[in-house]
Structures are given as structure tokens and as C-alpha cells.
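Hello,

Here is the structure I said I would pass on.

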Amino acid sequence: MLEELENMAVADRYKNTLFVLDSLRDFGDVNNDNAAMRIGDKLKNIREAGATIIVLHHSNKDGRNYQGSNNIRNSIDNMYQLTKIDSPEGEIRWVLTVKKERASIVDTAISVKVNDLSLLPIDITTARISSEEQSFINEVKNALNKQPGLNKTELLESCGYKKDDKTARDRLDQYETIYWVSKKEKGVISYQLIN
């Protein structure tokens, strides 16, 4: 099939055409360097005729890298690693982490609405928050809702953390200017929620 598409790839034959290959291993031997290079060459020729090509491919067993030849990576312009994340009912959420870029792409997150398959962007910072981090954020927001202006020690203690808990202190810093702000007066740091 790729050979036929490549044979017709002349001039702007595929301008405004999107091809989705799902999955790459169904189009050739991705573990063989020569075969993977030939697949890449065919796809590049199709791209040169104006096509946009999205290739879905699998990771290796530990999920840290893609499966197969290095020629796969060498042949493509942009590569994302997709990671499914916790999603509310009726949605499937993914974080797309850039693994290779030639077109200034950035990490992003998307949500697919199950009922109509609409695709929506979501905030990448929020998408990457673990359930533990989200619990911490909720605790801090609740404490500051009840009593704005708590100092760091009071805030941590009201959330059930010790004042010297490094993880909790780091999280306070990490989400500052996103969910809350602090100000320092006479050596005391106090916190307020961002409206």
C-alpha cells in the first residue's frame, strides 16, 4: 500500500491530505533497520507530495522508548510519547510529551469527549498533576479559603503536614502563582489564593 501511495506521490498530489498509519508495525518490519529505513523513505516521499502523516507506533515493554529500529526516529519530523492519565467520566485524557521535534512543537495535553469524539486541549500543568499532588492542592486551597493570609508553618500544619516536610514545602513553591501567591513581610511568608 505504501508503495502504491509513493508511486503516485508527484507534485502536490497529496496536498491537504492526512494519512494515519495505525500501527506502524502493520506496514513493515519495524525491528529490521533496512526495512524501517525503506518505510521511512516511502513516508518522506509521500510527505514531499504535500501529505501530512500521523503514525501510531508502540512502545517497548517498559514503556520508556518506542519499539524497533533507530531508523524510525531518524525518518520522522516530530515524535510524541502519549501517556494516558486519570480522566473524569466521559473523557479520555492524554499527555503528549515531545521526544523529537523539528517544528518547535511542545508538550501538550488533550481530552477526547467519549460521546461525540471532540478533541479539546487541556492545561498541561494540570494534566501532569498526580492524585497526591491534587490532594495537596485541594487541602491548601481549603485551608486558605477558611483563613486567608496563613503563614507557611500555619498553612502546612492546617493541612496536616509538619513545617519541615520538604515535599510539602516544595509543592507550596511549585504551585505558587498557579493556585496561590505568597508575600514576605518582616521575615514572615503568608499565602493567599489566586482568584
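Two rings of Phe, Tyr or Trp count as a pair if their centres lie within 6.5 Å. The model is predicted, and a search of the whole of it finds five aromatic pairs.

One of these pairs is formed by Phe-136 and Trp-180, with 6.4 Å from centre to centre and 70 degrees between the planes. That makes the pair edge-to-face, because the angle is over 60 degrees. It links distant parts of the chain: Phe-136 sits in helix α5 (residues 131-146) and Trp-180 in strand β7 (residues 180-185), 44 residues apart. Phe-136 is buried, at 0% relative accessibility, and Trp-180 is buried as well, with a relative accessible area of 0%.

Another pair joins Tyr-175 and Tyr-179, which are tilted, with 5.9 Å between centres and 55 degrees between planes. Tyr-175 is buried at 2% relative accessibility, and Tyr-179 is buried at 15%. Ring pairs link Phe-136, Tyr-161, Tyr-175, Tyr-179 and Trp-180 into a cluster.

Now to the helix that holds Phe-136. Which residues of α5 are buried? They are Glu-133, Phe-136, Ile-137, Val-140, Ala-143 and Leu-144. Seen down the axis of α5, these residues fall within an arc of 130 degrees, so they line one face of the helix. They pack against α6 (152-158), α7 (166-174), β7 and β8 (188-193). The face of α5 turned away from the buried side carries the exposed residues Ser-131, Asn-145 and Lys-146.

Regards

Methods. Residues are numbered from 1 along each chain as its sequence is written. This is a predicted model: local features need pLDDT of at least 70, side-chain atom pairs count only at pLDDT 80 or more; totals for chains, interfaces and linings use all residues. Side-chain values use heavy atoms; hydrogens and water are left out. Rings of Phe, Tyr and Trp (its six-membered ring) pair if their centres lie within 6.5 Å; planes under 30 degrees apart count as stacked, over 60 as edge-to-face and the rest as tilted. Helices (H or I, at least four residues) and strands (E, at least two) are DSSP runs, numbered from the N terminus. Buried means under 20% relative accessible area, exposed over 50%, partly exposed in between (1.4 Å probe, protein chains only). The arc is that of the directions from the helix axis to the C-beta atoms. Contact means heavy atoms within 4.5 Å.
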